[in-house]
Amino acid sequence: MRRIPMFIGLFVLLCHSSCESKKHEKKDETKFLVSSPIKKDTSITKDYVCQIHSIRHIELRALEKGYLQHISVDEGQHVKKGQQMFHIMPNVYEADLQKAKAEAEVAEIQYKNTKLLADGNVVSENELAMAKAEYDRAKAEVTLAETHLGFTDIRAPFDGIMDHLEVREGSLLDEGELLTTLSDNSKMWVYFNVPEAEYLDYITSANKDTKPSVDLLMANNRKFNQSGIVETIEGEFNNETGNIAFRATFDNPDGILRHGETGSILMRVPLDNAMLIPQKATFEVLDKKYVFVLDKDDKVQQREIIVGAELPHLFVVEKGLSENDKVLLEGIRMVRNGEKIHYDFEKPEEILSNLELYTE
């Protein structure tokens with residue numbers, strides 16, 4: 001009877017040893033996929049928060065005092081150049097014009113009479129000159145009165161869209177009082193801030209004399225249907241932010257964009273000879289990125305990398321790897337640091353061919 005428990009124990013021990021042996025053999029037989037980084041010319045898309053401005057955005061103000069007699073337009077209306085918008089009661093200015101014209105007629109008569117006398121040597125040349133000057137002054141008063149009367153009729157200086165009405169009919173206006181604003185939205189100026197390091201990369205690049213094309217991502221997360229051109233860079237950096245403003249110009253034929261909108265500028269930045277690895281080969285520890293690199297003994301070693309940019313399914317590595325390194329691509333959660341593994345090496349070109357990569 002005592003032999004039976006001994007046989008059972010021996011049998012369990014043999015089974016356990018057999019299972020451990022099979023597990024060990026299975027682990028030894030597991031092969032992992034390994035490849036190397038690849039250097040390739042590519043490009044990335046950077047986005048910058050932007051402010052959208054009309055190419056012309058002005059305030060319309062009253063140039064004369066008086067009662068606002070009539071408003072010919074409405075808020076949000078498209079107006080044409082020269083179209084009447086506001087009319088200030090002109091009675092006082094019409095009276096001033098009539099007075100100036102009457103004084104000009106009197107001065108003209110006096111000048112003609114003085115000229116006749118001067119031609120007969122009755123008066124001196126100086127008196128004729130004074131009469132002529134008085135006549136010229138009276139004509140200038142007429143022109144000034146006509147100008148003031150013209151200011152009572154406020155017309156659109158260009159084609160554009162009206163904004164909010166700041167006054168109503170019957171309002172007593174002061175000189176310079178704001179009436180509304182007018183925006184020319186045929187083209188839009190889009191301003192975005194670029195960090196100093198990126199500005200230096202741009203201004204020292206070989207393509208600095210070529211105006212880059214950019215896209216606009218609107219607030220609804222859709223791309224605007226026109227591409228823009230970066231035309232100017234402001235002259236000074238903002239000392240508080242360390243940024244400098246770029247300005248891109250967009251055609252706006254459908255009038256989609258309005259003054260004061262926001263969005264994001266999408267700019268393609270070329271990367272020459274960038275080192276690329278698949279994103280799936282990396283893992284994070286405390287906000288730092290790492291990969292497993294094989295040493296000369298085929299042991300995986302954890303190594304920190306610095307990622308400079310992100311592409312679809314790829315990372316651009318700035319520091320931490322070389323082209324000759326062998327990087328573990330799959331099974332990074334199945335290995336431990338310092339563990340020896342068996343692997344199959346696949347060329348990086350073949351790895352990239354299976355990824356959605358956009359390169360130049």
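Two strands are taken to pair if DSSP finds at least two bridges between them. Helices (H or I, at least four residues) and strands (E, at least two) are DSSP runs, numbered from the N terminus. The structure is a predicted model, in which local features need pLDDT of at least 70 and side-chain atom pairs count only at pLDDT 80 or more, whereas totals for chains, interfaces and linings use all residues. Residues are numbered from 1 along each chain as its sequence is written, and side-chain values use heavy atoms, with hydrogens and water left out.

By these criteria, strand 1 (residues 31–35) and strand 19 pair in the parallel sense over four bridges, with F32 as the bridge partner of Y343 in strand 19. Strand 1 also pairs with strand 18, in the antiparallel sense and over two bridges; here S35 stands opposite V327 of strand 18. Four of the five residues of strand 1 are buried, where buried denotes under 20% relative accessible area, exposed over 50%, and partly exposed in between (1.4 Å probe, protein chains only). The loop between strand 18 (327–328) and strand 19 (342–345) contains E339. This residue is buried, with a relative accessible area of 16%, and its side chain reaches the backbone nitrogen of R336 at 2.9 Å.

Strand 13 (residues 262–278) has several antiparallel partners. With strand 2 (residues 38–61) it forms 13 bridges, and T262 in strand 13 is the bridge partner of Q51. Three bridges connect strand 13 to strand 17 (residues 314–319), where P278 stands opposite L314.

A separate description applies to the open sheet of four strands in the order 6-5-3-8, in which the pairing is antiparallel. Strand 6 (153–155) and strand 8 (172–173) stand at the edges with a single partner strand each, so one side of each is left without a neighbour in the sheet. Strand 5 (residues 84–88) is linked to strand 6 by three bridges, and F86 has I154 as its bridge partner in strand 6.

Helix 2 (residues 91–119) comprises 29 residues. Its expected span, 1.5 Å times one less than its number of residues, is 42 Å, and the end C-alpha atoms are 42 Å apart, which agrees. The buried residues of helix 2 are Y93, L97, A100, A104, A107, Y111, T114 and A118. An α-helix has 3.6 residues a turn, so residues three or four places apart point the same way. What covers the buried residues of helix 2 includes helix 3 (125–150). Just after helix 2, N121 takes a positive phi of about 60 degrees.

Nonpolar cores were defined as sets of buried Ala, Val, Leu, Ile, Met, Phe, Trp, Tyr and Cys residues joined through side-chain atoms within 4.5 Å. The largest has 21 residues, and those with the most contacts inside it are F192, L216, F246, F250 and I265. Two or more residues of this core come from each of strand 2, strand 9 (178–195), helix 4 (196–203), strand 10, strand 12 (243–251) and strand 13. Leaving aside neighbours within four places in sequence, F246 is in contact (heavy atoms within 4.5 Å) with V190, Y191, F192, V194, Y199, Y202, V230, T232 and I233. A second, separate core of 18 residues includes L60, I88, M162 and V167.

How values were computed. A polar contact is a pair of N or O atoms within 3.5 Å; within protein, one must be able to donate a hydrogen and the other to accept it, and residues adjacent in sequence count only if both atoms are side-chain atoms.
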